[in-house]
Amino acid sequence: MDSAAAGDEGHVQDCGSGVRVVPDSPRSRPGVHAAIFERSLDAILLVDQGGTIVDANPAACALTEMAREELLGTPISVFAEQAGDTEAALNNLMETGATKAELTLVLPGGTRKTVAYSATADVLDGVHMGIVRDVSEERATEEALRASEELFARVFHLGPVAMAVSTVPEGRIIDMNETCCRLTGRSRDEVVGKTSAELGLWADPAHRTRIAAAFEDSASVRDFRTLMRRGDGEIRAVLLSMESIEAHGKPCVVAVVTDITDAERGEALLRESEEKFRAIFERGSEPKVLALWSDGRILDANAAMLA
């Protein structure tokens with residue numbers, strides 16, 4: 001039996017254990033279908049009822065890293081990650097007529113690729129078609145992004161620094177860590193979905209206008225001193241830094257808030273103490289000098305000492 005005897009509907013293929021008539025693939029049929037098959041950027045595989053590859057386009061050869069001659073007659077089960085995956089997929093395809101899924105392709109050399117495929121049953125008489133796309137890089141990028149987001153979430157929620165994330169340009173808070181909740185005197189449920197203006201966080205609303213303008217110019221603000229009103233009405237002095245980020249595919253702002261109230265109070269008390277000492281030192285009627293203990297050098301002397 002030769003290819004001519006097979007008729008117009010197919011051709012003879014030597015399968016090792018014998019010969020059989022395989023329906024013609026798109027590449028043997030002239031016109032647009034053959035061009036699509038050959039030039040498709042996605043891998044296209046044609047398999048028979050038993051799951052043996054009967055044709056493959058150039059993209060499929062590139063995906064599997066095998067020549068077309070090597071692919072023809074190869075069972076698709078050789079690419080399966082686990083035994084039985086191919087049989088289950090073929091059974092599902094025959095029952096539904098079409099299926100889509102994502103799986104791991106294991107190449108003969110051991111290389112593993114994550115692929116997304118869609119399969120259609122009986123595109124030709126007794127032949128099924130699978131369109132396969134390598135999504136390994138996409139999934140690797142997604143996994144890296146997921147890991148990065150998890151790390152940010154841990155730092156955000158467990159860190160000792162007060163932080164909040166809000167939308168742009170609305171300024172609605174979408175998250176606030178526990179440190180920031182304690183600083184503002186509000187729970188996370190109270191603040192999420194609201195703006196800082198709606199919450200009355202700005203003791204001086206003019207500061208909000210100034211910082212918004214500064215952020216619009218550079219998409220970043222560093223250590224802007226302002227006054228924040230807590231939920232209980234207490235006013236705290238804070239340093240506010242803001243940076244633009246992307247969260248869930250949308251532009252957002254992360255704000256870092258540092259409470260400097262106690263530090264400023266301590267500095268004020270120190271200045272007051274120094275001023276009192278200076279007044280006593282300068283105005284006292286008794287002669288006084290300030291000297292270094294180690295070598296006795298005079299640092300200062302009051303008016304009475306110089307009189």
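Good morning. In this protein, residues 24 or more positions apart account for 33% of the contacts with a separation of 6 or more, where contact means heavy atoms within 4.5 Å. The model is a predicted one, in which local features need pLDDT of at least 70, side-chain atom pairs count only at pLDDT 80 or more, and totals for chains, interfaces and linings use all residues. Residues are numbered from 1 along each chain as its sequence is written, and side-chain values use heavy atoms, with hydrogens and water left out.

The protein has eleven helices and 14 strands; these are DSSP runs numbered from the N terminus, helices being H or I with at least four residues and strands E with at least two. Of its 307 residues, 33% count as buried, that is, under 20% relative accessible area with a 1.4 Å probe, protein chains only.

Five strands form an open sheet in the order β9-β8-β12-β11-β10, with antiparallel pairing; two strands pair if DSSP finds at least two bridges between them. At the edges lie β9 (173-176) and β10 (220-229), each pairing on one side only. On average, neighbouring strands are turned by 30° against each other, direction ignored; axes are lines fitted to C-alpha atoms, for helices over the stretch in contact, and angles run from 0 to 180 degrees between N-to-C directions.

Within the sheet, β11 (residues 235-247) and β12 (residues 250-259) are joined by ten bridges. Met 242 has Ala 255 of β12 as its bridge partner.

Finally, the helices. Helix α5 (residues 136-158) packs on the sheet and touches β8 (162-167) and β9, its direction making about 125° with that of β8. Helix α9 (residues 205-218) lies across β10, β11 and β12, at about 165° to β10.

Definitions and conventions. Buried < 20%, exposed > 50% of the residue type's maximum accessible area, 1.4 Å probe, protein only.
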